[in-house]
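Please walk through the structure below with an eye on its charged pairs and its helix packing.

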Amino acid sequence: MSKIIRTQKPSVLPWYAAALVFAVLCAALPAYKLWALLLALGGAAVMFGAAKKVCPPRVVEHEVPFHTGSGDVDEMLADIQQKLDALHALNEALPDPELSAAMTRMEKAGRSIVETVEASPAKAKQVRRFANYYLPDAVNVLEQYAKLARQGVRGENAASIRAEVERNAASIATAFENQLDALYAAESMDLSADLTVLQNMMKGQGLS
């Protein structure tokens, strides 16, 4: 998903050349006189223009995770991707197969949400709550679960927490999938309307 962005940075050499010419002319002429000062400024301007023609701007390349044209959307997608990477790492570390399956569903839905919003940045407002609350909370809960598992904490409270996480993981995955599905609600309605129009046209022509 990362992209290479190319930007142009003007060369600083024309400025240095203009400053040098100005300094030399000021030293050679009576700079305290207006005509001499104007001449020095004119010479510096001419040098700046000439140097600019022979010193093209530098092309600088830098890699960015996303480039949708909106800084806020790019930042949100990068944050979602970071949390999905954390979710993936947690999934790799947890042995429970049912919980792992649910986490895989969460990650898959989350990656698809990122791809969908990247392709259609206007949809970003539909996933703000997912990005700011649902996903971070899910990752936090699973991190706490993993912490208990690593530390081998036992007891009624720890067991209750683990059981609750395992029981609700599938529901969280379903919620992620529903969020993804909601992004396509408008397209589904448009497609349904188009199909209805097509069916009516075919009926009108006696083709169905």
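Start with Glu-107 and Arg-111, whose side chains meet in a salt bridge at 3.0 Å, N to O. A salt bridge here is a side-chain nitrogen of Lys or Arg within 4 Å of a carboxyl oxygen of Asp or Glu. This is a predicted model: local features need pLDDT of at least 70, side-chain atom pairs count only at pLDDT 80 or more, and totals for chains, interfaces and linings use all residues. Residues are numbered from 1 along each chain as its sequence is written, and side-chain values use heavy atoms, with hydrogens and water left out.

Glu-107 and Arg-111 both sit in helix H4, four residues apart, about one turn of the helix. Helices are DSSP runs of H or I with at least four residues, numbered from the N terminus. Glu-107 is buried, with a relative accessible area of 14%. The cut-offs are under 20% for buried, over 50% for exposed, and partly exposed in between, with a 1.4 Å probe and protein chains only.

Arg-111 has another partner. Asp-85 forms a salt bridge with Arg-111, the closest N and O atoms being 2.9 Å apart. Asp-85 lies in helix H3 and Arg-111 in helix H4, so this pair ties together parts that are 26 residues apart in sequence. Asp-85 counts as partly exposed, at 40% relative accessibility. Shared partners join Asp-85, Glu-107 and Arg-111 into one salt-bridge network.

Now look at the two helices themselves. H3 spans residues 71-93 and H4 residues 97-119; they pack at an angle of about 160°, with their axes 10 Å apart. Axes are lines fitted to C-alpha atoms over the stretch in contact, and angles run from 0 to 180 degrees between N-to-C directions. H3 and H4 are therefore roughly antiparallel, a label for angles over 145 degrees.

Which residues of H3 and H4 make the contact? Among them are Leu-77, Ile-80, Leu-84 and Asp-85 of H3, and Met-103, Glu-107, Arg-111 and Val-114 of H4. Contact means heavy atoms within 4.5 Å. By class, the contact holds eleven nonpolar, six polar and four charged residues. Ala, Val, Leu, Ile, Met, Phe, Trp, Tyr, Cys and Pro count as nonpolar, Asp, Glu, Lys and Arg as charged, and the others, Gly among them, as polar.

One further pair lies within H3. Lys-83 and Asp-79 meet in a salt bridge at 2.9 Å, N to O. Both lie in helix H3, four residues apart, about one turn of the helix. Asp-79 counts as partly exposed, at 26% relative accessibility. The structure holds four salt bridges.

Technical notes: Parallel < 35°, antiparallel > 145°, perpendicular 65-115°, else oblique.
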